[in-house]
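Please read them alongside the sequence and the coordinates.

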Protein chains: 2
Amino acid sequence: MAEPLIPMDEDGLDFRRVTAIINAVDARDAARIATLMEPLHAADIADLLEQISAQDRNALLGLWSEGIDGEVLSEIDEAIREDVIAALPRAVITEAMRELDSDDVVDILEDLDGPQQGLILDALEDADRVAVQQALSYPEGSAGRLMQREVVVAPADWTVGETIDFLRISATLPDQFYHVILIDPLMRPKGYVTLGRLLSSRREVLLRDILEDSFRTIEATEPEADVAYTFNQYHLISTPVVDASGRLVGVITIDDAMNVLDEEHEEDMLRLAGVGDDSSLSDGAFATARQRLPWLVVNLFTASLSALVITAFQGTIATLVALAALMPIVASTGGIAGTQSLAVAVRALATRSLTSANARRVVLRELGAGVLNGLGLAIILGVAGYVVFGDLRLGLVLGMAMIVNQVVAALGGVLVPLTMSRLGLDPALASGTFVTTLTDVMGFFAFLGLATLVLI
Amino acid sequence: MAEPLIPMDEDGLDFRRVTAIINAVDARDAARIATLMEPLHAADIADLLEQISAQDRNALLGLWSEGIDGEVLSEIDEAIREDVIAALPRAVITEAMRELDSDDVVDILEDLDGPQQGLILDALEDADRVAVQQALSYPEGSAGRLMQREVVVAPADWTVGETIDFLRISATLPDQFYHVILIDPLMRPKGYVTLGRLLSSRREVLLRDILEDSFRTIEATEPEADVAYTFNQYHLISTPVVDASGRLVGVITIDDAMNVLDEEHEEDMLRLAGVGDDSSLSDGAFATARQRLPWLVVNLFTASLSALVITAFQGTIATLVALAALMPIVASTGGIAGTQSLAVAVRALATRSLTSANARRVVLRELGAGVLNGLGLAIILGVAGYVVFGDLRLGLVLGMAMIVNQVVAALGGVLVPLTMSRLGLDPALASGTFVTTLTDVMGFFAFLGLATLVLI
C-alpha cells in the first residue's frame, strides 16, 4: 500500500483517523474509507460527521453510506441531521429506521421538517408507524416522547418458570430491557421484577414474591426534566410510563434519562451565559451571531443604565478624574461575586437542593459571605488606594463601596434566580445579565456617590 | 389526634412534610417523626437532612435513627456526612455499612477523617474490608474507586442452562447486575451476555453464541471523567474493569457513571463562575466566603489592569467627561459576548465535540460571529451616540470600539479555553476571569484610544 502506516487508536476516533478519512475522501478512495470507518462505533461515526466540514461530509456520504445505520442517525446532532438524511439513498434510510426502537425514531422525527418526516414514516412498518404517531401525540419534551413502546410484561400470578418460557418464545423483545413489569387485567403496572432476581430464583417461585421494594411509575405527560430528576434521585434503571387512567403505555430507560440530564445541564450552562438553547457547534457564523445578538442588545440597554448613573456624577469625575479609573474595579469585582452566588443558586435549584425549606438560610448565608468578603476586599483595596494615591479618604470610599457592592452581589446572585423560579421561569434564563447589571449599577453608584459625599 | 391532618405528598419530600417533621422534632414527638419519615426514600431522607439546619438535624437524629441505612449515608452530601455519622449510634452504622456494595462504602470512606474511617472499616466483615482497602489503593477519582468488586462471571463454554442453575445457587449476588461476564481461565473478560438475552435463550445455547457485539473494558487507573464519557458516548449499562494485566477486578454500573457525569457538570459550571469545587449548600457563611475569596482577589488585581489603561487616558477623560460614562457600555457588552463564546467552547470541550479536527473552523466561526455582532451593535450604539450627543464622531468612535471588542471577545472566549485544554488544564478553571479581564481592558483601551485619536 502506498500510504504509510498510520499508528491510530485501534477502534476510536482520534485526530489521525479523522485526517486519514478526509485524505481518503479527497482521493475518492472508497475502499480506503470503508477500511477506516469499519471499526468505528455508531456514536463515533456521528461525531466524525459533526466535526468535519459540510463539504467533506457530503463527499464522504456520497462515497460511503453502508455504515450509516439507525444508531448513527439517532446519535447525530440535530443541527446536521436533515443534511445527512438528504444526502443518503432512500434504501439506507428505510433500513436504518426499521432497526430502531420507537423512542429513537420519535427522537429523530420530531426535529425534521414535513417532507423528511413523511419519508421516515413511510419507511416504517405499519405497527411501528402507529406506535410512533401515538408517541408524537404527546407534548414535545414529555415522558410520552421519551418512552419506548416495546415493553415486557407478565401477569402477577405467573411463576419464574412460566415467565422464562414466555420470554424464550417471544419473537419481538426490546433491544434492551431490565425488568419484567407485572400488570393487572386492565394493563395497570403493579410492580416489577429485575432480570437478576428472575435469573437467580427457582422456577416455581411466584413473580409477586420477588417484586422490588421500591416501584415508581411516570405519567406520560410529565416533563422530561422531571423524568431525569426522578431517575437520578432514585437510581432507577427503567420505569413504566402510564396514561391518565394508570394503564401501561411504555417504558423509559436510564440511557434516555441520562441524555435528558446532559441536555438540561447544557441548557443551564448556556442560558446562564446568554446563549440560545438551539445552538450547535455545526452552526455557521451567521446562525451563531443571530442566536447571540438578542442578549447582547438587551445588555446594550442595561449597560446604558450604568452610563446614566455615571453621567449623574459627571461633576464629581471632572473634579477628580482618577475616580473614572477606579470605578470599574468596584463594579467588576461585584460582577464576579454576583456570578459566583448565581452559579451556586442556579445549580442548587436545578438539583432541587434549594427549596422553600432552606431558602431563607441560604439567602442569609450568602448575605454573610458577602459581608465577609466585602470586608476582606475593602481592606485590600482601601489600603492599596491609600498607598497609591496617598489619600486616606479615597481608600475609605473604595473600601466602603466594595462592601456595599459585595453585599448587593451576594444577595442579587441568589434572589434573582429564586424569584425567577417562584414565578415559574427558568432561573438560568438571563439571570447573568440581570445580576451583572445590578452589580455594575450599584458599583458605580456606591463608589461615585460616596466619593461625592466624602471627597468633593 | 390533636394535630390537624396535613395534605402532603403521599411519599415525596414536599415543604409540608419538612415543616411537619421540624414541628415534630420541636415537640420531641418520636412516634410522629417515625410516621412522617417512614414513607420517604433514602435519597429523600438524605435531602431532608441536608435542607434542615444543623440544630434540627442533630435533634432529629437523636430522636430517630432506625431509618438511617447504608443508602441514606451513601446519598448524603459529603459536607454533612461526618456530622451525621458522629450523631449516630455505633450499631446503626455497623448495620448500615454491612448492607452496602463495596463501591458505596469506598465512596463514603474516602471523604471521612481518620478516626471515622477506622470506625467504618471495623464495622465491615473481613472479606468486605479487604475489598474496600484494595479499592482505596487505586488513585482518588479513578475507575478503581468507582467500581464494585461484586461481579457475576461465567466460563465461556457454559450454556444458558448451566449459568441459570449457577445463579440460582449463588448465595451472594450483587444488588444490581445487568450482564454475565465471560472470562478465560486467567480471569480476563472476553465479552458479556445481557440478562435479557440469557432469559430469552434456550437452556442448551452456549454463552459464547449470544455475546453482545460491542464490548469494552475500562482500566482501573482510568480517570472517572473518562469513565463517564465512555458510558455516555457508547450507551453502556455496565462495564468490566481490568487491572494492568487485563484481569477482571470489578464492574462499574451506569448509576455511578451518571453520578460522575452530574458532578463533572457541576464542576464545570462552578469553576467557570470562579467557585471552588468543594462548596456545598450546607456550608456556613465563613466557609462560603473562604471558598470564593481567592478568585475575587485575583479579579481585584486583573481589574487594576483596566484601571491602569483608563489612567493612561486621564487627559482625554478630563477633556470630555462623557467618555467616562460611555466606556462601561463597550466593556460590558464585550464581557457578555466573551462569556457566550466561552460557555459554548467549555461545553464543547467537555463533551469532546471540539477537537483538533474542527478547532480551526470553530475559531473562524467565532471570529465571523464576532464581526457580525460587532457591526450590528456598532450601528445601534453609534446611531444612539450620535442622536443623544449630536456628535457624529462620538458615534463613530463608539461603533468602532464596539467592533474591536466584540471580535476580541469572540476570539478570547474560544482561544482561552482551547489553550488551557492544550496545556492539560481544565478549560473551565478561571477562564471567566481571564476572558472578562481581556474584554474590559480591550474595551476601555479601544474606546479611549480611538476617542483620543478622533475626538481630542
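1. The model is predicted: local features need pLDDT of at least 70, side-chain atom pairs count only at pLDDT 80 or more, and totals for chains, interfaces and linings use all residues. Residues are numbered from 1 along each chain as its sequence is written, and chains are lettered from A and ligands numbered from 1 in the order in which they are written.

2. Helix H14 of chain B spans residues 224-234, and B:Glu224, B:Val227, B:Ala228, B:Phe231 and B:Asn232 are buried in it. They lie on the same side of H14(B), because they cover an arc of only 125° around the axis; the arc is taken from the directions from the helix axis to the C-beta atoms. Buried here means 20 or more other C-beta atoms within 10 Å of the residue's own, against 12 or fewer for exposed and partly exposed in between, with C-beta atoms placed from the backbone. Helices (H or I, at least four residues) and strands (E, at least two) are DSSP runs, numbered from the N terminus.

3. What do the buried residues of H14(B) pack against? Their partners are helix H15 (254-272) of chain A and, in chain B, helix H11 (143-146), strand S4 (218-219), strand S6 (248-253) and helix H15 (254-272).

4. The largest nonpolar core has 145 residues, and B:Val227 and B:Ile252 are among those with the most contacts inside it. Such a core is a set of buried Ala, Val, Leu, Ile, Met, Phe, Trp, Tyr and Cys residues joined through C-beta atoms within 7 Å. Apart from it lies another core, of 132 residues, including A:Leu349 and B:Leu272.

5. Leaving aside neighbours within four places in sequence, B:Ile252 is in contact (C-beta atoms, placed from the backbone, within 7 Å) with residues including B:Val227, B:Thr239 and B:Ala257.

6. Strand S5 of chain B (residues 238-242) is largely enclosed by the rest of the structure, because four of its five residues are buried. S5(B) pairs with S4(B) in the parallel sense over two bridges, and with S6(B) in the antiparallel sense over five bridges; pairing requires at least two DSSP bridges between the strands. B:Ile218 is opposite B:Val241, and B:Thr239 is opposite B:Ile252. Five residues separate S5(B) and S6(B) in their hairpin, where B:Gly246 in the turn has a positive phi of about 85°.

How values were computed:
Two residues are in contact if their C-beta atoms, placed from the backbone, lie within 7 Å.
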